[in-house]
Structure formats: structure tokens, C-alpha cells
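I opened this notebook to record what I looked up in the structure, entry by entry.

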Number of protein chains: 2
Amino acid sequence: MSKTNGETVINVPAEKSTSTTNIGTKGKAVAAAGTVVATTKAIKHKGRWKRGIAILDFLLRLLAIATLLAAAISMGTADQILPFFTNHFQFRARFDDLPALLYFVIANAIAGGYLVLSLPFSIVTIIRPHIVGARILLLVIDTVMIALTSTAAAAAAAIVYLAHTGNSKANWVEICQQFNEFCQQTSGAVVASFVGALVFMILVVMSALVLRKH
Amino acid sequence: MSKTNGETVINVPAEKSTSTTNIGTKGKAVAAAGTVVATTKAIKHKGRWKRGIAILDFLLRLLAIATLLAAAISMGTADQILPFFTNHFQFRARFDDLPALLYFVIANAIAGGYLVLSLPFSIVTIIRPHIVGARILLLVIDTVMIALTSTAAAAAAAIVYLAHTGNSKANWVEICQQFNEFCQQTSGAVVASFVGALVFMILVVMSALVLRKH
């Protein structure tokens, strides 16, 4: 660069600016690459977290299926015949003598059946953690199921409690003095149904957290 | 550019590349500006949609407060004294004679009180639709309240139904034949509580939709 005419002088800053632009571009490219890597990592991390929740969701559904079907079967098979009888009738207690217990069996069977049908959707959210449609569908029906299982449990609990203690004001006798086994079996079923309702509540909150923005 | 030495030849493509880089950068800047405008519009649109949901949330809470407190008060004031009595006792029906109805009053009062306390949080989500913490807090407690109000309604419904129809198998008499007014008032309270539970379910689903990603 011994020649120092105008053109060369003009060209040198041009070259400089080019090189700085290149460096700038390179720097931007590096920064952009860094951002892409960071974003990919964040998405992967988020994906892993969501997948963990989805797997937990699936396991909780399995637990709730067992619990609710056990509740329905336990209540449905509660049937006690006392060893003495008159000419007119046997002393017998069955779940379908009381409408609240009948509702209990039906509601818990429906909730258990829904849970079995929901398993494929739960698996979809494990395979594709970012899917939204299946998640919202499950959330809405789970919310309805909270109400279904907890109403069933509460109605049965009110009746079973009455059977245990009776009510002197309303002149309702405690039938559990005679039908002891029947009352024990139905009480167990009520507890199981409340556990099922609790699992549904956890499922709803988990789904909402996964749907959340951040 | 009459001189065509090596330096000039080298410099021309360098200058060219600079200008193309500049155009490229400008193009990118324009594109970026376009994206920013589009994103801002999308955020504004989303914000408006979220604000609409937040206002609906607030109005539903007001409705639920009225419904649940009406249920609690209606049940709590249910008190009928029959116009005949013996030496030993008056014939009287009150809600606290039956544990299920007592639970009903307490649970509905708690749910109504919670709703009053939740109003400020609901207002926060109207003012700042993108806030997440308040939304999640409301969603979790609303989910618990679904269970609280629906169990209260179901337990009371089971008892009120029994009071209406009685049960011949368990030898429980229908007390509504005597306590007609009492039974009507409690039945109304039960319906109101179920409406409250339904409003909580709608609130939970709405919160989840607002928390959703897209």
C-alpha cells in the first residue's frame, strides 16, 4: 500500500467498514446462534418438565381408576341379610334400598369408565407435551368429574352417617346396630370416593399449570 | 475508476458486498419492524380477549356470592314449630338438628366469604390481564370450592330427599308431611348451592383457558 492516491484513501475506510460490518454480522450471528441454543434448551427443558407432569397425570389416572372402581364395587356388593326373619319379610340391607347409595354406585362407575377412556388422551400428552386440545378437553371433563364424585361421596356419607348415628329429632333409628357389616363396607366405599375426588382436583390443577404461559 | 490495478479490483467486490449487506440489514430491519407491529397487535388483541374473560369472571363471582349466601341464609333460618305439643317436647325442625344441614350452612358461608375476599384478585386480573400468579391462586382455591359447595349441596340433598320420601326399608319416616315449610325452604337452599357449584366449575374452566398458551 505504497500508493496514496484519493481512491486508495477512500477505499481503505470502505474496506475497514466492510471488515467491521463483517465482524458485526459475525458477532450477531454468534449471538443469534447462542440465542437459538438457549431457546432450544429452554424448550427442551420445558418439554421435559411438561412430560414429567404428563406421566404423573397418567399414573394418577390409574390410581383413580382403581380407587373409584373399588368404591363402586364395594358399595354395589354391600348386602347383608340378618339371621332372623318374620313371616312377612327378611331383614336385609342392600345399596339399592337407598337412592343416595344407588347414585353413588352409578356416579363412581361413570367416573371410573371416563378415566379408562381418558387414558389414550393422557398418553397423547406424554408423547406430545405441547399439545393443547387434548389437555383442555381433559381439564373440562375432569372438572365435571370433581363434582360428580364428590357429590356421590357426600350424599352417601350423609346417609351412612345417619345410619350410624340415627337422628332422635326426626325419629330416624340407627340401622347400623343391626347391619354392622353393611355399614362398614359402605363407609369404606365413601372414603375411597373422596380420595377419587381429591385425585381429580389434583389433575385439574396440574392441567392448568401445564397450560400456563410461562 | 479508470485505473484497474489489483487493489481496485479487489476493492470493488468488497464495496459491493458492503452495500448488499446494508440492503440486507435494512430489509431485515423493515421485516423486524413489521413483526414487532404484528406482535403488538396480537398482544393487544389477546389482552382485550383476556380482559373480557376477567370481567366475566368478576360478574360470575358476584352472582355466586348472592347465590351461596342466599343458600346459607335460607338454610340457616329454616325453623318450623308445629302448632301442637306434648308435655315433654315441642315439635320443631331446625337446620342444626341434622349434621348434614349444619355442614351445608357452614360450607356455603365459607364459600361465600372466600368469594368476597377473591374479588380484589379478580379486579387485579381485569386491570392486568397478563398476570399469572393471581390467576393460578384463584384457580386452585376455586377447584377446592367446587368440592366444598357440591359436597354441601349433595349431603343436604340426600337428607332433604329422605325427609321428603322417607325410607320404608330402613324404617325412616318422611318428616316433610309435618314440616312442610321447613322442607320447602331447605330444598330451595340445596338448589341454590348446586348453582353456586356450577358457577365455580365455569370459573375454573375460564381461568384455565386464560392461562393457556395460545
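**Entry 1: conventions.** I take an axis to be a line fitted to C-alpha atoms, for helices over the stretch in contact, and angles to run from 0 to 180 degrees between N-to-C directions. Helices (H or I, at least four residues) and strands (E, at least two) are DSSP runs, numbered from the N terminus. This is a predicted model, in which local features need pLDDT of at least 70 and side-chain atom pairs count only at pLDDT 80 or more, while totals for chains, interfaces and linings use all residues. Residues are numbered from 1 along each chain as its sequence is written, chains are lettered from A and ligands numbered from 1 in the order in which they are written, and side-chain values use heavy atoms, with hydrogens and water left out.

**Entry 2: α3 and α4 of chain B.** I looked up how helix α3 (residues 133-165) of chain B sits against helix α4 (residues 180-211) of chain B, and found axes 8 Å apart at an angle of about 155 degrees. Angles under 35 degrees count as roughly parallel, over 145 as roughly antiparallel, 65 to 115 as roughly perpendicular and the rest as oblique, and α3(B) and α4(B) are therefore roughly antiparallel to each other. Their crossing is left-handed, a term used if the near helix is turned anticlockwise from the far one by less than a right angle, with right-handed used if clockwise. The residues of the contact of α3(B) with α4(B) comprise 21 nonpolar, eight polar and two charged. In this classification Ala, Val, Leu, Ile, Met, Phe, Trp, Tyr, Cys and Pro count as nonpolar, Asp, Glu, Lys and Arg as charged, and the others, Gly among them, as polar.

**Entry 3: α2 and α4, chain by chain.** The crossing of α2(B) with α4(B) is left-handed. Contact here means heavy atoms within 4.5 Å, and on the α2(B) side the residues making the contact include B:F104, B:N108 and B:Y114, while those of α4(B) include B:F182, B:T186 and B:F200. By class, this contact of α2(B) with α4(B) has nine nonpolar, three polar and no charged residues.

I then turned to chain A, where α2(A) and α4(A) have axes 11 Å apart and pack at an angle of about 40 degrees, so that α2(A) is oblique to α4(A). This crossing of α2(A) and α4(A) is left-handed. Among the residues that meet are A:L101, A:A111 and A:L115 in α2(A) and A:A189, A:V190 and A:S193 in α4(A). The contact of α2(A) with α4(A) divides into nine nonpolar, three polar and no charged residues.

**Entry 4: chain A overall.** I count four helices and two strands in chain A, which follow the pattern α-β-β-α-α-α along the sequence. Of its 214 residues, 43% are buried, where buried means under 20% relative accessible area, exposed over 50%, and partly exposed in between (1.4 Å probe, protein chains only). Among the contacts in chain A with a separation of 6 or more, 77% are between residues 24 or more positions apart.

**Entry 5: confidence.** I noted an ipTM of 0.75 and a pTM of 0.76 from the predictor for the complex. Chain A averages a pLDDT of 81, with 74% of the residues scoring at least 70; pLDDT is the predictor's confidence in each residue, from 0 to 100. Among the elements of chain A, helix α1 (residues 6-76) has the lowest mean pLDDT (69) and helix α2 (residues 99-127) the highest (94). Over residues 1-23 of chain A, pLDDT stays under 50. Where pLDDT is low, the predicted coordinates should not be read in detail.

I looked up A:T151 in helix α3 of chain A, which counts as buried at 7% relative accessibility. Leaving aside its neighbours within four places in sequence, A:T151 is in contact with A:Y103, B:S150, B:A154 and B:F194.
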